[in-house]
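Please open the structure in your viewer and keep the selection tool at hand.

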Amino acid sequence: MTDEKPLGFSTRAVHAGQEPDPATGAIMTPVYLTSTYVQPAPGKHKGFDYARTAHPTRLALERNLAALEGGKFGLCFASGMAATSTVVQTLSSGDHVVCGNDVYGGTYRVFTKVFRRFGLSFSFVNVCDLKAVEAAITPSTKLVWIETPTNPLLQIVDIAAVCALVKTKGVKVAVDNTFATPYLQQPLSLGADLVVHSTTKYLGGHSDVVGGAVVTGDAALHESLKFLQNAVGAVPGPLDCFLVLRGTKTLALRMERHCDNARRVAEHLARHPEVAKVHYPGLPSHRGRDIARRQMRDFGGMISFELKADVYRALRMASSCKVFSLAESLGGVESLIGHPASMTHGSIPREERLKAGLTDGLIRLSVGIEDADDLIADLDQAIASSK
Ligand code: P1T
């Protein structure tokens, strides 16, 4: 046995799960466009029999993502929502889930509008407040669902503290790591059982693919998720897997630029006389900054803020940008601006949104990798022209 130093993040990002193609030596994992595999004899094959069950391009991505999250097992899905749904499908009727009250609107929607119909119950609480988490746990609770930083208020949840609190009660913890990415934060190392991703976002990184993933270090959980991946069948196609696999190679570089740009934009907005509030975990005024410093490498590329004015001004401002594009989604190289109340979080009832602090005037930015000066100038002109 040699005592080899483990490979660094960027080396794993470029190489993990990807051997040169054994047939040709191709350095890039081929896009295996095939639905089935020829068997020399019934039941005898080379590890692949039918492409819903397994295919080589997906397997390479699953191994790559497992290596990046520091988990043993990765599974890929057709979207982030398919990954989320498959995690919930490991539960049974009567089980209870405690979920953060500031999560992606689609997560709230699938929990309340789909899974409640199958006898699961959900409590939405402020998971930054450990007492609230503890009070929400019942004898039926099987899972705590966390996003951190949260979408869209960029609150920070103490992953290690939540895990320590609920582990003694036999409750599993799933962390949606879409906003942070494994480059900035690795929830499994902080005690989480499952990491969930919308690979549509930073992992793909170029706004050209929709996908999802789940990573775990727990063999039993992996087996039940793998069974569901095949039985339910919400799997990604090979080209989608290739695109995400290509995306993760540059994840570290892109995240560094996203973080640097977001820091500059957040600091500028915090000084802007027309801005009332800025939510960015890297600002000294942010309540979760110390936790973020402990559990994250840097503070990420997402910002939300409110203008000192009515909702209509926020809507005008969001429509007046020239470099930022008005669009749903996040995590691509290009900067996006959005209005959560009418876009990404429109499926959450208004009173629930307001209780969680998501106001009608909140604007969300996905800060891209363009030149920070151009991004700042664009926001300034949009704020000025929205008066
Ligand atoms: O869009 P999809 O790949 O299905 O991922 C869903 C999802 C899951 N988790 C988080 C934290 C997310 O932000 C999302 C999707 N979010 C957006 C589209 C958005 O603009 O916030």
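Begin with helix H3, where Gly80, Ala82, Ala83, Thr84, Ser85, Thr86, Val87 and Val88 are buried. Here buried means under 20% relative accessible area, exposed over 50%, and partly exposed in between, computed with a 1.4 Å probe and the protein chains only. Helices (H or I, at least four residues) and strands (E, at least two) are DSSP runs, numbered from the N terminus. This is a predicted model, in which local features need pLDDT of at least 70 and side-chain atom pairs count only at pLDDT 80 or more, while totals for chains, interfaces and linings use all residues. Residues are numbered from 1 along each chain as its sequence is written, and side-chain values use heavy atoms, with hydrogens and water left out.

Helix H3 covers residues 80–88, and eight of its nine residues are buried, so the rest of the structure largely encloses it. Next select Ser79 and Met81: at the start of H3, a side-chain oxygen of Ser79 comes within 3.3 Å of the backbone nitrogen of Met81.

**The ligand**

Now select the ligand. What surrounds it? There are 18 residues around it, and the closest are Asp176, Ser198, Thr200, Ser329 and Arg364; a residue is counted if one of its heavy atoms lies within 4 Å. This shell divides into four nonpolar, nine polar and five charged residues. In this division Ala, Val, Leu, Ile, Met, Phe, Trp, Tyr, Cys and Pro count as nonpolar, Asp, Glu, Lys and Arg as charged, and the others, Gly among them, as polar.

Domain 1 (9–249) and domain 2 (251–385) each supply at least three residues to the shell; the domain bounds come from an automatic or database domain assignment.

Display distances from the ligand. One of its nitrogen atoms is 2.6 Å from an N or O atom in the side chain of Asp176. A ligand oxygen is 2.9 Å from a polar backbone atom of Gly80, and an oxygen of the ligand lies 2.8 Å from a backbone N or O atom of Ser329. Taken alone, the ligand exposes 480 Å², of which the protein buries 92%; these areas come from the Shrake-Rupley method with a 1.4 Å probe.

**The nonpolar core**

Select Val265, Leu269, Val278, Ile303, Phe305, Met317 and Leu365, which touch the most other members of the largest nonpolar core, a set of 60 residues. Such a core consists of buried Ala, Val, Leu, Ile, Met, Phe, Trp, Tyr and Cys residues joined through side-chain atoms within 4.5 Å. Helix H10 (residues 251–271) gives the most to this core, with eight residues. Domain 1 and domain 2 both contribute residues, so the core lies between them.

**The loop between S4 and H6**

Move to Pro149, in the loop between strand S4 (141–147) and helix H6 (159–167). The peptide bond from Thr148 to Pro149 is cis, with omega near -5 degrees. Pro152 lies in the loop between S4 and H6, and a cis peptide bond joins Asn151 and Pro152, with omega about 15 degrees. Leu154 is also found in this loop; its phi is near 55 degrees, a positive value in a residue other than glycine. Most residues other than glycine have a negative phi, and most peptide bonds are trans.

Finally, select Asp158, in the loop between S4 and H6. Is Asp158 buried or exposed? At 18% relative accessibility, Asp158 counts as buried. Its side chain reaches the backbone nitrogen of Ala161 at 3.1 Å, and a polar contact of 3.1 Å joins the side chains of Asp158 and Arg294. A polar contact is a pair of N or O atoms within 3.5 Å; within protein, one must be able to donate a hydrogen and the other to accept it, and residues adjacent in sequence count only if both atoms are side-chain atoms.
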